[in-house]
Amino acid sequence: MSTSTTASVSTHILDTSVGRPAEGVAVRLAARSGRAADWQALGGSATDADGRCKDLPALPEGTTHVRLDFAVETYFTKSENQQADAQQDAPANRDSGAVFFPEVAITFAVTPGEHYHVPLLLNPFGYSVYRGS
């Protein structure tokens, strides 16, 4: 929960290739207090069955920028998701077999007293993010 001196962050992931939440994705949270400041790792979580991280750490006072790092490679290499990939119009053979985006890093500016919900819409070949409500 944000206060007048801090911001707060929440996120969730929807796998648009299968139309379901992405469960089990590790998410790390970092913050800094100014463009030139070093990033401070705050901790992390993993998405639940609804694709949400409900226990991300609070942001420290003075935070001006936040970074969410989503470790999506493990999610996409699970066998159940490989089956979902095969249903797509894209070629079943992924050349090297590697995940195209093994991680997604989202950096954004925050203002004290505001809440920032940052949904990640994910598929094997792309992603989109936006400031939600």
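**Exercise 1. Work out how β6 sits in the fold: is this strand largely enclosed or open, and how many of its seven residues are buried?**

Step 1. Take burial residue by residue. In this predicted model, five of the seven residues of β6 are buried, so the strand is largely enclosed by the rest of the structure. Buried here means under 20% relative accessible area, exposed means over 50%, and partly exposed is what lies in between (1.4 Å probe, protein chains only). Strands (E, at least two residues) and helices (H or I, at least four) are DSSP runs, numbered from the N terminus.

Step 2. Before going on, sort out the ground rules. Residues are numbered from 1 along each chain as its sequence is written, and side-chain values use heavy atoms, with hydrogens and water left out. Since the model is predicted, local features need pLDDT of at least 70 and side-chain atom pairs count only at pLDDT 80 or more, while totals for chains, interfaces and linings use all residues.

Step 3. Now look at the partners of β6. β3 and β6 run antiparallel and are joined by seven bridges. β6 also pairs with β7, again in the antiparallel sense, over six bridges. Two strands count as paired if DSSP finds at least two bridges between them.

**Exercise 2. Find the largest nonpolar core: how many residues does it have, and which have the most contacts inside it?**

Step 1. Apply the rule. A nonpolar core is a set of buried Ala, Val, Leu, Ile, Met, Phe, Trp, Tyr and Cys residues joined through side-chain atoms within 4.5 Å. The largest one has 26 residues, and Leu68, Phe70 and Phe108 have the most contacts inside it.

Step 2. Trace the suppliers. Elements that each give at least two residues include β1 (8-15), β6 (65-71), α1 (73-77) and β8 (115-123). The largest share, four residues, comes from β8.

Step 3. Zoom in on phenylalanine 108. Leaving aside neighbours within four places in sequence, this residue is in contact (heavy atoms within 4.5 Å) with Val9, Thr64, His65, Val66, Leu68, Tyr116 and Val118.

Step 4. Compare with the loop between β7 and β8, where valine 110 lies. Valine 110 is buried at 8% relative accessible area. Among the residues touched by valine 110, beyond four places in sequence, are Ala7, Thr63 and Tyr116.

**Exercise 3. Describe the salt bridge of arginine 28: which residue is its partner, and how far apart are the closest N and O atoms?**

Step 1. Find the partner. Arginine 28 bridges to aspartate 69, with the closest N and O atoms 3.9 Å apart. The two sit in strands β3 and β6, 41 residues apart, and arginine 28 also stands opposite aspartate 69 in the strand pairing.

Step 2. Check accessibility. Arginine 28 is partly exposed at 45%, whereas aspartate 69 is buried at 10%.

Step 3. Glutamate 114 and arginine 131 meet in a salt bridge at 3.1 Å, N to O. Glutamate 114 lies in the β7-β8 loop and arginine 131 in the segment after β9 (126-129), so the pair ties together parts 17 residues apart in sequence. Glutamate 114 is partly exposed at 37%, and arginine 131 is partly exposed at 47%.

Terms used. A salt bridge is a side-chain nitrogen of Lys or Arg within 4 Å of a carboxyl oxygen of Asp or Glu.
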